[in-house]
Amino acid sequence: MAGSTVPNRRAVHLPLGRADYGWTLDLQRTLHARRKAGAAPDVVITVEHNPVITLGRSGSREHLLASPGELKREGIEVLEVERGGDVTYHGPGQLVVYPIVDLRGHGRDVRRFVRGLEEATIATLADLGIEAGRREGYPGVWVSDRKIAAIGVYVSGWVTRHGLALNVAVNPVHFAMIRPCGLSVEAVSICDLLGRTVDLDRVRDALLERLAERFGWVMEATSLDEVLGGASG
Amino acid sequence: MERNAFDVRLPDLGEVDEVRVVQWLQGIGSTVTEGEDLLEVETEKTTFVVPAPASGRLVEIAAVEGAAIQRGAVLGRIDRSE
């Protein structure tokens with residue numbers, strides 16, 4: 001029963017626009033360490049990555065369906081990363097959200113946190129007229145048997161990093177290059193479902209509102225300089 | 001020795017009953033500091049790092065990589081006598 005909480009916790013939103021996966025991961029680690037030390041509030045990073053395929057701990061290159069030549073031609077980087085899970089694609093047209101959140105302020109409940117991310121995404125999609133849901137045992141958000149948002153979270157010192165990736169208008173050719181998470185499931189974007197273009201920033205703002213509702217945040221925008229430089233956090 | 005042995009247990013993660021051990025970040029014989037990252041466990045695409053519950057030497061690994069473990073299970077043991 002994740003009803004709305006009274007907003008009472010300060011959180012900051014850090015919009016990065018377009019950024020490389022590796023650079024953003026370093027930034028996540030920096031902010032994660034600051035959050036752990038109590039030197040920063042909960043931070044929600046939003047970003048659109050340049051094309052990249054990441055292999056999680058249990059990732060297999062067999063789930064990469066494209067040849068090195070094809071990947072190079074499309075300008076897609078392949079990286080092995082620390083998170084759990086298998087193969088994931090990130091690229092333009094995908095809204096990526098990395099909440100750096102201290103779960104000690106959110107009931108120390110890992111499952112509830114992941115469900116909060118899923119429910120906020122489902123509510124955002126419902127406002128767009130898309131009926132999406134969860135699938136027991138398969139984290140992420142689904143529209144019937146197609147995956148519209150991927151979720152993968154890393155928690156250390158009760159502080160989270162990584163997060164969710166919602167497909168707004170992703171190049172279907174790039175999606176066809178992997179078997180997402182090693183499953184034989186198809187990925188789908190909001191634009192494909194609606195048959196029209198949708199502004200990614202609008203989806204982002206709507207999702208942030210839903211996240212704030214779920215996690216009881218009073219959210220304000222911040223900049224890279226502010227979040228890294230401010231001694232008071 | 002026994003008196004100074006300290007159990008490493010799976011913390012209460014909320015509504016999570018079972019996790020799988022992904023990997024130990026410290027080996028047997030390593031000196032660890034309370035709060036330091038000790039091992040990674042995974043449940044449904046969430047990786048959780050279990051911190052060392054005490055400072056000392058890691059003397060036993062009870063839950064090996066790939067093992068499914070329940071809430072409150074003993075994962076290993078830390079000797080605090082040094």
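**Notes on the model**

1. Strand E9 of chain A and strand E5 of chain B pair in the parallel sense over four bridges, where strands (E, at least two residues) and helices (H or I, at least four) are DSSP runs numbered from the N terminus, and two strands pair if DSSP finds at least two bridges between them. Within this pairing, Tyr154(A) has Thr47(B) in E5(B) as its bridge partner.

2. Please bear in mind that this is a predicted model, in which local features need pLDDT of at least 70 and side-chain atom pairs count only at pLDDT 80 or more, while totals for chains, interfaces and linings use all residues. Residues are numbered from 1 along each chain as its sequence is written, and chains are lettered from A and ligands numbered from 1 in the order in which they are written.

3. The contact between the chains takes 19 residues from chain A and 14 residues from chain B, two residues being in contact if their C-beta atoms, placed from the backbone, lie within 7 Å. On the side of chain B that touches chain A, strands E4 (37-43) and E5 (46-51) each supply at least two residues, and the largest share, five residues, comes from E5(B).

4. Val155(A) touches Leu103(A), Val110(A) and Thr160(A) in its own chain and Thr46(B), Thr47(B), Phe48(B) and Val49(B) in the other, residues up to four places away in sequence not being counted.

5. In chain B, four strands form an open antiparallel sheet in the order E1-E8-E6-E3. Strands E1 (5-9) and E3 (31-32) of chain B stand at the edges with a single partner strand each, so one side of each is left without a neighbour in the sheet. E6 (residues 56-61) and E8 (residues 74-79) of chain B pair over four bridges, and Glu60(B) stands opposite Arg77(B) in E8(B).

6. Chain A contains seven helices and 12 strands, and buried residues make up 43% of its 233 residues.

How values were computed
Buried ≥ 20, exposed ≤ 12 C-beta atoms within 10 Å, placed from the backbone.
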